[in-house]
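Dear colleague,

Please find below the structure I promised to pass on to you, with the sequence alongside.

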Amino acid sequence: MKVLVTGATGFLGGHLCELLVQQGHKVRALTRSTSDTTLLDTLGIECVEANLERGLGLDKAIEGMDAVVHGAAVVKAKSPQVFHEVNCGGTEHLLQAALRKRDALQRFVFVSSLAAHGASRDGSPRPVDAPAHPVTHYGRSKLAAERMVIEAQDALPVTVIRPPAIYGPRDQEMLSFFKMIDSRLIAFLGSPRNTISLIWGPDCARAICLALTVDHPTGRIYCVEDGRIYSQQEFADVVASALGKKGLRFRVAKPVAQILATASEAYGRLTDKAVMFTRDKLNELVQPHWVCDSGSIQQELGWKPEVQLDAGAAMAIDWYRQAGWI
């Protein structure tokens, strides 16, 4: 199969490209002139420059492809408008280009996020078709993009994958949490009893590959997770054990967290950079339960998680240490 991958230079995209190449697929990566394509070059992947937000070069990028995986997105931005321009606008442009080539395409897979669906209020995984209630600009932008993809289901075979928090080698988003614990400080925003689902990056990549290769109805939305629900306390304990560190544990009161988030935003404005920790992001971090269930993808596509947190944290830390990141 010939697969166009957006977001290929990112954490999940890199693992996906590795797996696709291992399985014998031909991969074309959508990149920017500023993209670091070191891993892609090592894999022998064809890189094509295009602009998702402006819709430039997309027809050429899709030409000759059998499938598209759209994983490119911004998770931090200078303004709410940027989330929607990139995550919604980019998806709309790519989807329109895919529809123009729909006779040749076997599948369009959109990598969304549990943030698009929203948190659980009672701690139980919510059905994928339950009403969505995202709490951040990022989540709302991913939900809007999801809806565009699902609306195209009658014209093009489409699938949506909704991961929860993803971690593993090369991941930079979760790195700050690992580094915090490595410094012997374990801070909790909200209750340590708050719960989360997690997924090992390569396991998520396998789910995407199956969505490309296993026949299933168009319009499906699948969640992926490693089969367990963890409290924030459990998550911190497993990472601390893997690091061999014991740290000072404390809870950050919401007013204090809001002050810190405001200061982070001010730093972003001063340096003209997008920052991850904002008051908007805080809305997500204090939710009691970010959990999901992967039963449908296991039943319909035969996917199963291979790595749980204890082994995954140890492998991620080994990679971080070898790379000099911690």
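This is a predicted model: local features need pLDDT of at least 70, side-chain atom pairs count only at pLDDT 80 or more; totals for chains, interfaces and linings use all residues.

Thr 278 lies in the loop that runs between helix H10 (254-271) and helix H11 (279-285). Its relative accessible area is 15%, and because buried means under 20%, Thr 278 is classed as buried.

Met 1, by comparison, sits in the segment before strand S1 (2-6) and counts as partly exposed, with a relative accessibility of 26%. Leaving out its neighbours within four places in sequence, Met 1 makes contact with His 25, Lys 26, Asp 66, Ala 67, Gln 106 and Leu 212. The C-alpha atoms of Met 1 and Val 27 are 8.4 Å apart, although 26 residues separate the two along the chain.

The other point concerns a pair of helices, H9 (residues 232-243) and H13 (residues 309-323), which pack with their axes 9 Å apart and at an angle of about 50°. H9 and H13 are therefore oblique to each other, and their crossing is right-handed. On the H9 side the contact is made by Phe 235, Val 238, Val 239, Ala 242 and Leu 243, which meet Leu 309, Asp 310, Ala 313, Ala 314, Ile 317 and Arg 321 in H13. Of the residues in this contact of H9 with H13, nine are nonpolar and two are charged, while none is polar.

Definitions and conventions
Residues are numbered from 1 along each chain as its sequence is written. Side-chain values use heavy atoms; hydrogens and water are left out. Axes are lines fitted to C-alpha atoms, for helices over the stretch in contact, and angles run from 0 to 180 degrees between N-to-C directions. Helices (H or I, at least four residues) and strands (E, at least two) are DSSP runs, numbered from the N terminus. Angles under 35 degrees count as roughly parallel, over 145 as roughly antiparallel, 65 to 115 as roughly perpendicular and the rest as oblique. A crossing is left-handed if the near helix is turned anticlockwise from the far one by less than a right angle, and right-handed if clockwise. Contact means heavy atoms within 4.5 Å. Ala, Val, Leu, Ile, Met, Phe, Trp, Tyr, Cys and Pro count as nonpolar, Asp, Glu, Lys and Arg as charged, and the others, Gly among them, as polar. Buried means under 20% relative accessible area, exposed over 50%, partly exposed in between (1.4 Å probe, protein chains only).
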